Amino acid sequence: MAARADLPSAASHAFIDLGAKWNANTLVTALSGFAAALKNTFLEANPTDHPCGNWLAVIAALAVTMPQTGGSVGAPAVTFEQMSDAAKWVAALCILAQELGTSGQQSAVLVAYNGNF
Amino acid sequence: MSYPQPSSTAPVLAGQGFFRLKTPVSTFASGSGGGCPTDIYESTQGAAAFAIGPESDLAHYKIGYLDPTNSPSLMSIVEITPERMFSGLLYARNEPGTVYQPSGRQGRILIWPTDLWYAGYTPSAAVIPGDTVFTYPPQIDIIQYYSNPPTIQPQRNDKLWFTQYLPMTSGQTTWLVLPSYGRSYIDVEFANATGQAVTYGILGVLYSFGNFATQETTLLMAASVANNASQNKVIKSSTDGVFDALVFSFAIGGSPSANASINFRATMSDTPR
């Protein structure tokens with residue numbers, strides 16, 4: 001995929017980008033990598049970080065709930081509903097980071113998005 | 001998103017039996033990323049039940065809670081709708097060291113809407129600049145019960161939208177975008193007392209991510225309503241479908257009279273009729 005230039009662009013393309021990973025049966029790896037890359041970006045001690053941190057909690061939980069094995073290209077193991085939730089929640093995090101995050105946090109989310117999706 | 005968000009602890013300290021999370025949905029999604037529900041709220045108090053509040057415009061919410069029996073994430077999620085509340089004791093589990101996995105985030109109850117919403121939506125036929133688009137952001141309304149919930153499933157109110165005035169300029173169209181998530185029965189009345197004929201129509205809208213594929217369905221073909229005439233329309237989910245929003249268009253045929261008035265009212269109900 002082409003790298004997304006900014007977080008709103010990443011959000012609006014989340015279904016396209018994550019959907020491609022889903023069809024390639026690599027969504028679990030990508031989503032886990034995205035969540036892991038941002039694990040320490042939003043701090044529990046900072047209340048302003050909570051909304052983004054809460055989305056990360058949900059995304060990371062979804063990633064480990066997905067089937068970790070099985071499936072193939074064109075017949076992914078991850079369910080349609082899980083893919084849909086993943087795309088919506090990643091997009092939500094991108095938009096919230098754009099609105100509430102520091103410039104450093106915004107950069108981290110965009111790098112994690114482009115690096116994994 | 002209202003941030004900082006309303007506190008779920010204050011109602012506990014006040015001895016109130018519930019926490020009501022009532023706030024307009026985020027308008028962050030007005031840029032190119034529009035269409036995604038960005039709001040997520042947290043509660044550090046346990047609950048006896050969750051239900052959609054009476055004034056909610058949105059119809060679907062998810063509740064995430066720390067569930068030690070659900071390995072490996074320790075997070076379970078339930079969805080509530082106008083037809084289905086969640087009744088059952090949930091603990092916030094926000095004691096130190098109790099965290100979701102693998103994020104390591106502190107245990108707490110998480111609440112987020114799942115309906116799509118695009119603050120930057122403009123009808124495809126709107127001429128911008130020129131036309132006027134009034135968009136009403138949907139309300140989030142969730143009730144977290146601290147004591148036993150009512151034995152009868154709480155319902156959303158029938159929502160009444162009413163106005164006797166809309167700015168209308170000859171040669172331009174005024175658009176009114178009202179949320180209608182999950183509504184089964186909608187009765188729309190329009191009476192024209194502007195002194196001029198008004199071309200009036202109704203669209204049903206389903207939002208999409210990035211506004212790439214927002215769907216508009218004509219529910220009432222735009223047609224002229226003469227001065228001192230009226231137009232009534234009933235929209236049923238069983239025949240017309242369910243829409244995220246309804247869009248009403250008004251285009252006046254000439255300069256409005258000095259006391260130009262309309263009677264517009266839309267009643268939106270969850271009860272099929």
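In helix H2 (residues 14–23) of chain A, the buried residues are A:Ala14, A:Phe15, A:Asp17, A:Leu18, A:Lys21 and A:Trp22, where a residue is buried if 20 or more other C-beta atoms lie within 10 Å of its own, exposed if 12 or fewer, and partly exposed in between, with C-beta atoms placed from the backbone. This is a predicted model, in which local features need pLDDT of at least 70 and side-chain atom pairs count only at pLDDT 80 or more, while totals for chains, interfaces and linings use all residues. Residues are numbered from 1 along each chain as its sequence is written, and chains are lettered from A and ligands numbered from 1 in the order in which they are written. Helices (H or I, at least four residues) and strands (E, at least two) are DSSP runs, numbered from the N terminus.

**Helix H2 of chain A**

- The buried residues of H2(A) pack against H1, H3 and H5 of chain A, two residues being in contact if their C-beta atoms, placed from the backbone, lie within 7 Å.
- H2(A) and H5(A) pack at an angle of about 140° with their axes 9 Å apart; axes are lines fitted to C-alpha atoms, for helices over the stretch in contact, and angles run from 0 to 180 degrees between N-to-C directions.
- That angle makes H2(A) oblique to H5(A), given that angles under 35 degrees count as roughly parallel, over 145 as roughly antiparallel, 65 to 115 as roughly perpendicular and the rest as oblique.
- The crossing of H2(A) and H5(A) is right-handed, a crossing being left-handed if the near helix is turned anticlockwise from the far one by less than a right angle, and right-handed if clockwise.
- To this contact H2(A) contributes A:Ala14, A:Phe15, A:Leu18, A:Gly19 and A:Trp22, and H5(A) contributes A:Met83, A:Ala86, A:Ala87, A:Val90 and A:Ala91.
- A:Asn25, which follows H2(A), has a positive phi near 65°.

**Helix H6 of chain A and its partners**

- H6 (residues 103–116) of chain A has 14 residues and reaches 20 Å from its first C-alpha to its last, close to the 20 Å expected at 1.5 Å a residue, the expected span being 1.5 Å times one less than the number of residues.
- The buried residues of H6(A) are A:Val109, A:Leu110, A:Ala112, A:Tyr113 and A:Asn116.
- Seen down the axis of H6(A), these buried residues fall within an arc of 160°, so they line one face of the helix; the arc is that of the directions from the helix axis to the C-beta atoms.
- The face of H6(A) turned away from this buried side carries the exposed residues A:Ser103, A:Gly104 and A:Gly115, while the cover over the buried residues includes H1 (7–12), H3 (27–37) and H5 (80–100) of chain A.
- H3(A) and H6(A) pack at about 160° with their axes 9 Å apart, which makes H3(A) roughly antiparallel to H6(A).
- H3(A) passes H6(A) in a right-handed crossing, through A:Ala30, A:Gly33, A:Phe34 and A:Ala37 of H3(A) and A:Ala112, A:Tyr113, A:Gly115 and A:Asn116 of H6(A).
- The axes of H5(A) and H6(A) come within 8 Å and cross at roughly 155°, and these two helices are therefore roughly antiparallel to each other.
- The crossing of H5(A) and H6(A) is left-handed, with A:Leu93, A:Cys94, A:Ala97 and A:Gln98 of H5(A) meeting A:Gln105, A:Gln106, A:Val109 and A:Tyr113 of H6(A).

**Chain B overall**

- The secondary structure of chain B comes to one helix and 17 strands, and its C-alpha trace spans about 70 × 40 × 35 Å along its principal axes.
- Of the 273 residues of chain B, 40% count as buried.
- Among contacts in chain B between residues at least 6 apart in sequence, 80% join residues at least 24 apart.

**Loops of chain B**

- B:Arg156, in the loop between strands E9 (139–145) and E10 (159–163), is buried, with 25 other C-beta atoms within 10 Å.
- B:Arg156 and B:Gly53 are 103 residues apart in sequence and 6.3 Å apart in space, C-alpha to C-alpha.
- Most residues other than glycine have a negative phi, and most peptide bonds are trans.
- The peptide bond from B:Ser71 to B:Pro72 is cis, with omega near 10°, and B:Pro72 is found in the loop between E4 (61–66) and E5 (75–80).
- B:Leu74, in the loop between E4 and E5, has a positive phi near 65° and is buried, with 22 other C-beta atoms within 10 Å.
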